[in-house]
Amino acid sequence: MHTYRRQFMKYLAQVFDLGALTASVVVALVAFSLPKGITLASCMAMRIKLGNGVLFALLLAIWHYVFILCGLYVSKRLITQMAQVLEVCRATTLAAIVLFLAAQAFHLKVVPIGFVLVFWLSLTCMMVAGRLAARWILVAARSRGHNRRFVLIVGTNERAVEFARQLADHRELGYKIAGFVDDDWDGIAGFEAAGHKRCCTFAGLAEFLRHNVVDEAAIYLPLRSYYEHAAELVGLCEQHGIVIRFDSRVFNLRGNAADLQDPEGSSQVFAMAGPARPLHAMIKRGLDCLVSGMLLVCLGPLFLVVSLLVRLTSPGPIFFRQTRVGLNKRRFTIYKFRTMVPNAEKLQAELLSLNEMSGPVFKIKRDPRITPVGAILRKTSIDELPQLLNVLKGDMSLVGPRAIPLRDYQLFDQDWQRRRFSVKPGITCLWQIGGRNSIPFEQWMEMDMQYIDKWSLWLDFKILAQTVPAVLRGTGAA
């Protein structure tokens, strides 16, 4: 799961647990403590004393902290179902003990031992049911190919093979092995005899990362003897914006430092190589869905008019579809209004000598392939509007580095530029508001790195606010 999605699930679990705690107190009141003849409605209508309200708020804070200490909000993607149920039971038992101790300390006659038992039973049932339901939904989605994560395993020793086996045994969890990386060593023959295959050696790792989707790299090397290789791997992953994973036992880490657990209970630790503001990224995705959905509805009449103009003035389809490179080099189909003749991509090879852009990107100010209506659509950037469909689907964001065609990506010659693919591409970006095609390729890539390194919601808002004036000026449009 991407970082912001994992963070969203964490916050959702916290809100659910606070609701379950409150509901369990109400259930215990109804089932045990309400005097006969008093209905729940009349009880709810009673005024709550300030002291009781403060005490309950304090209990909620303590319970929340207990749940955090119990590890309820770290990723459970690779933990077994039974282990998760036992973990919840341990946490709810501690919550019940906290309630009992509070009742004794504050002499709460309304909270005898029977109240505590009803509270514990109700809370345990709610939290276990909630987590099993969430687990079932996530497993069903991952089994259908959603939220898939590609893991590159670095090393071919027993720990690496065991980790791969665990992933293979839990395919419904959505992990797919991108390959194994290692050089020749004494155990490589046994590794290959067991049916495993290396995707590359350390020397070929950079080339492999350039042409394959990799979300995470799991390091299972003996770091004392392979420190240099591990350091090179970390550097490459940082250049590509890939998350780095290593077994916490390598560094004898203990406690709550782990971000993920495998089915056998050993801890995994993540080192983020990309933007590390999960909550903001979650909000960004929510805004992407909301804004793109609203714009698609509001711009419906404009879409209809443009579609008619494209169809009536030029033979061929209304929409232009092209393969672009997205998050972690995933390929997706981008949608635009067609602004060129139908065979424009085939004619590009004949026009390479007229290219006015530096680097691998191909742009011509007066491109002979552009139709008369297409020239207007490009000048006003109306041709970009169908990309709102890509935003709604999740392939793109409203703001992010420009989506690069597959042909251009294959001509990239420096790995540091590929870090731009560690975030979703966007409809608008710093390049869009800074001059577009008038900006040299190297400066364009530096602007993308600047966006990634300084990313914030405020930066996105500023870029969106400056996009409309930039489009009206038409600077660098082609």
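## Salt bridges and fold of a predicted chain

At 11% relative accessibility, Asp415 counts as buried, where buried means under 20% relative accessible area, exposed over 50%, and partly exposed in between (1.4 Å probe, protein chains only). The structure is a predicted model, in which local features need pLDDT of at least 70 and side-chain atom pairs count only at pLDDT 80 or more, while totals for chains, interfaces and linings use all residues. Residues are numbered from 1 along each chain as its sequence is written, and side-chain values use heavy atoms, with hydrogens and water left out.

**Salt bridges**

Side chains of opposite charge can pair when their charged atoms come close. A salt bridge is taken here as a side-chain nitrogen of Lys or Arg within 4 Å of a carboxyl oxygen of Asp or Glu, and 18 are found by this rule. Asp415 and Arg210 form one of them, at 2.8 Å from N to O. Asp415 belongs to the loop between helix 15 (406-409) and strand 12 (426-428), and Arg210 to helix 8 (residues 205-211), so the bridge ties together parts that are 205 residues apart in sequence. Helices (H or I, at least four residues) and strands (E, at least two) are DSSP runs numbered from the N terminus.

Arg420 pairs with Asp448, their closest N and O atoms being 2.8 Å apart. Arg420 is in the loop between helix 15 and strand 12, whereas Asp448 is in helix 17 (residues 441-453), so this pair joins parts that are 28 residues apart in sequence. Glu192 and Arg198 also meet in a salt bridge, at 3.6 Å from N to O. A network of salt bridges links Arg149, Asp215, Glu216 and Arg330.

The accessibilities of residues in these pairs are as follows.

| Residue | Relative accessible area | Class |
|---|---|---|
| Glu192 | 40% | partly exposed |
| Arg198 | 25% | partly exposed |
| Arg210 | 22% | partly exposed |
| Arg420 | 2% | buried |
| Asp448 | 2% | buried |

**The chain as a whole**

The chain contains 18 helices and twelve strands. Of its 478 residues, 47% are buried. Among contacts (heavy atoms within 4.5 Å) between residues at least 6 apart in sequence, 75% join residues at least 24 apart.

Helix 4 (residues 81-105) has 25 residues and spans 36 Å from its first C-alpha to its last, close to the 36 Å expected at 1.5 Å a residue; the expected span is 1.5 Å times one less than the number of residues. Its buried residues include Val88, Ala91, Ala95, Val98, Leu99 and Ala102. His107, which follows helix 4, has a positive phi near 55°.

An open sheet of three strands has the order 9-8-11 with antiparallel pairing; two strands pair if DSSP finds at least two bridges between them. Strand 9 and strand 11 (404-405) are the edge strands, each pairing on one side only. Strand 8 (residues 319-325) meets strand 11 over two bridges, and Arg324 has Pro405 in strand 11 as its bridge partner.

**Confidence**

The mean pLDDT, the predictor's confidence in each residue from 0 to 100, is 81 for the chain, and 82% of residues reach 70 or more. Strand 9 (residues 331-337) has the highest mean, 95, and strand 6 (residues 260-261) the lowest, 44. Residues 251-267 have pLDDT below 50, and this stretch makes 42 contacts in the model beyond near neighbours in sequence.
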